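This report describes selected local features of one protein model, starting with a turn and ending with the nonpolar cores. The sequence and the structure come next.

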Amino acid sequence: MVTGGARGVGRAVAERLLRWHQDLVRKRWACPSRHGRPSVTAEIRNLALRLARENSTWGYRRIHGELRRLGYRVGASTVWAILKRAGIDPAPKRSAVTWRQFLRSQARGVLAVDFFSVDTVSLRRLYVLFAIEVGSRRVHVLGVTAHPVGEWAAQQARNVLMELGERSDSFRFLVRDRDAKFTAGLRSGRRGR
């Protein structure tokens, strides 16, 4: 038979074992308490701000890309928040020239060349090579063929340059796509260059 004092000790041991077991279960199954995103290190913050100050035309996406290339794991929205908190515009007005501004300012010196296709009544496909003077919007049909090859396209380009005569020297830029029919002779846009 257990006396009253022994009962109290047994009860204390049982309570201690029960508390120990509860702590063990709590530690085993409890998820670590994380609240929100992990904070950004001072190194990343300083580097993002330095990149923004040294490259004034870069926006937050470009800075994010550069940080990723350097091996830093940071999100684009985090870079945006860093710049915003520092009082730097995350998407600055670009000082670089846009494509539209470039074309307007250089239109007189731009010649664009491309192909389009035409299906005849007999369902035969023909390819038309044309050039457009961007400044005057004058279109030159250079030739029509069923089988466009690089040599043919280069010859047609030489023909239009001869037709333009002295004016051909005013063209500084040739705009074209990456079609295989545009050989090295046509890509240069000039005779002998």
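## The hairpin and its turn

Strand 2 and strand 3 form a hairpin with 4 residues between them, and Arg137, in the turn, has a positive phi of about 60 degrees. The model is a predicted one, in which local features need pLDDT of at least 70 and side-chain atom pairs count only at pLDDT 80 or more, while totals for chains, interfaces and linings use all residues. Residues are numbered from 1 along each chain as its sequence is written, and side-chain values use heavy atoms, with hydrogens and water left out.

Strand 2 (residues 125-133) and strand 3 (residues 138-145) pair in the antiparallel sense over 7 bridges, where pairing requires that DSSP finds at least two bridges between the strands. Within this pair, Val128 stands opposite Val144 in strand 3. Helices (H or I, at least four residues) and strands (E, at least two) are DSSP runs, numbered from the N terminus.

Most residues other than glycine have a negative phi. Arg137 has a positive phi although it is not a glycine, and at 69% relative accessibility it counts as exposed; the terms are buried for under 20% relative accessible area, exposed for over 50% and partly exposed in between, with a 1.4 Å probe and protein chains only.

Leu123, in the loop between strand 1 (110-119) and strand 2, also has a positive phi, near 60 degrees, and is exposed, with a relative accessible area of 75%.

## The buried side of helix 4

In helix 4, the residues Ala76, Thr78, Val79, Ile82 and Leu83 are buried. They lie on the same side of helix 4 because they cover an arc of only 160 degrees around the axis, the arc being that of the directions from the helix axis to the C-beta atoms. What covers these buried residues includes helix 2 and helix 3. Helix 4 is followed by Gly87, whose phi is positive, near 80 degrees.

## The nonpolar cores

A nonpolar core is a set of buried Ala, Val, Leu, Ile, Met, Phe, Trp, Tyr and Cys residues joined through side-chain atoms within 4.5 Å. The largest has 15 residues, of which Leu51, Ile63, Leu67, Val79 and Leu83 touch the most other members. Helix 2 (42-54), helix 3 (60-69) and helix 4 (76-85) each supply at least two residues of this core, and helix 2 gives the most, with 6 residues.

Leaving aside its neighbours within four places in sequence, Leu67 is in contact (heavy atoms within 4.5 Å) with Leu47, Ala48, Leu51, Tyr72, Val74 and Val79. A second, separate core of 12 residues includes Leu111, Ala153, Leu164 and Phe182.
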